[in-house]
Amino acid sequence: MVTVPSPSYSSTLRWSLWALITMALSIYINKPLQNPHATQGIISYELAYTPQRSHEILASWGMVSTVPPSYARLLQLASFGLGFDFLFLCSYSTAIAYACFYNANVYQQQQQQQQNASSSSSSSSSTSSSISKAFITFSRCIGFGAWIAAMFDSVENVGLLVQLFNGPQQTWAAVAGVSATIKFTLVIIGLLNFIVLRTLIMISSSSRRSPKYANLDSTTMMSSNNKH
């Protein structure tokens, strides 16, 4: 059985800050690589898919027999950027995973508190509880998905580095393109899941402060005291 991590708020925050720092450095490294042939810099290279497109991008960075010093520097910068990406993928994947795990745990605790405070056993309440549990499970799966995205990012980087040093190749261009697409898809889903979780947590917190739940909490406390 897979053990779901339960990161603390401080560890989640630290990984998020580290992800932002490494992302800022990645953007800085990528900036000089942007040109009319690679409008998104290294991202354009990641999504090239074909050796022809890869060759076009690499040629714009200076991959020809004789290159001016500035173009040779771009190739060195691209190789350094791909190496640095191995550090970035560790930070962003763990930050997203921890954000999903932590917020799923917070939302689960809120739902349990609301169920304990409510004496209702209606079918609508039961259905809502089932949906919440399913979404919490889904959110935790998405957390693991962030680390799967990092695995595909690593495969993608290997494919890009092979082409950078040995020239464009059909197989590696396709592997890098598919891996990058899966990576971006999982990352976007993870970020959207985080946004939805935070929204639900804020809504749940607001409802907990409403008079309805204040009365329910009072009733629950009185019932508990009567039992004793």
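A: Start with Thr50, which is partly exposed at 31% relative accessible area. Here buried means under 20% relative accessible area, exposed means over 50%, and partly exposed lies in between, with a 1.4 Å probe and protein chains only. This is a predicted model, where local features need pLDDT of at least 70 and side-chain atom pairs count only at pLDDT 80 or more, while totals for chains, interfaces and linings use all residues. Residues are numbered from 1 along each chain as its sequence is written, and side-chain values use heavy atoms, with hydrogens and water left out.

Thr50 is in the loop between helix 2 and helix 3. Helices (H or I, at least four residues) and strands (E, at least two) are DSSP runs, numbered from the N terminus.

Phi of Tyr49 is near 70°, a positive value in a residue other than glycine.

Now move into helix 3. Pro51, Ser54, Ile57, Leu58 and Ser60 are buried there. Just after helix 3 comes Gly62, with a positive phi of about 110°.

What does Tyr45 touch? Leaving out residues up to four places away in sequence, Tyr45 touches Ser54, Ile57, Leu58, Trp61, Leu82, Leu160, Gln163 and Leu164. Contact means heavy atoms within 4.5 Å.

Tyr45 also belongs to the largest nonpolar core, of 19 residues. Such a core is a set of buried Ala, Val, Leu, Ile, Met, Phe, Trp, Tyr and Cys residues joined through side-chain atoms within 4.5 Å. Leu33, Ile42, Tyr45, Trp61, Leu82 and Leu164 touch the most other members of the largest core. At least two residues of this core come from each of helix 2 (42–46), helix 3 (51–60), helix 4 (69–117) and helix 5 (123–166). Helix 4 supplies the largest share, six residues. Another core, of 12 residues, lies apart from the largest one, and Ala97, Cys100, Ile142 and Ala150 are among its members. In soluble globular proteins, nonpolar side chains tend to be buried together.

The largest pocket holds about 980 Å³ of space. Its lining has 40 residues, and Ala19, Met23, Phe88, Tyr92 and Val187 are the closest to its centre. Helix 1 (9–30), helix 2, helix 4, helix 5 and helix 6 (170–208) each give two or more residues to this lining. Helix 4 gives the most, with 13 residues. By type, the lining divides into 25 nonpolar, 10 polar and five charged residues. Ala, Val, Leu, Ile, Met, Phe, Trp, Tyr, Cys and Pro count as nonpolar, Asp, Glu, Lys and Arg as charged, and the others, Gly among them, as polar. On a 1 Å grid over the protein atoms alone, a pocket is an open set of points where a 1.4 Å probe fits, with protein on both sides within 12 Å along at least five of seven lines; lining residues have an atom within 4 Å of a point. Points are joined across faces, edges and corners, and the volume is the space filled by probe spheres set on them.

Helix 6 also holds Asn193. Asn193 is buried, at 3% relative accessible area. It touches Cys100, Phe135, Phe138, Ser139 and Ile142, not counting residues up to four places away in sequence.

Last, the aromatic rings. The structure holds nine aromatic pairs. One of them joins Tyr98 and Trp147: ring centres 6.4 Å apart, planes at 75°, so the pair is edge-to-face. Tyr98 lies in helix 4 and Trp147 in helix 5, so the pair ties together parts 49 residues apart in sequence. Rings of Phe, Tyr and Trp (its six-membered ring) pair if their centres lie within 6.5 Å; planes under 30 degrees apart count as stacked, over 60 as edge-to-face and the rest as tilted. Tyr98, Phe101, Phe144 and Trp147 form one aromatic cluster. Trp147 is partly exposed, at 28% relative accessibility.

Of its 228 residues, 39% count as buried.
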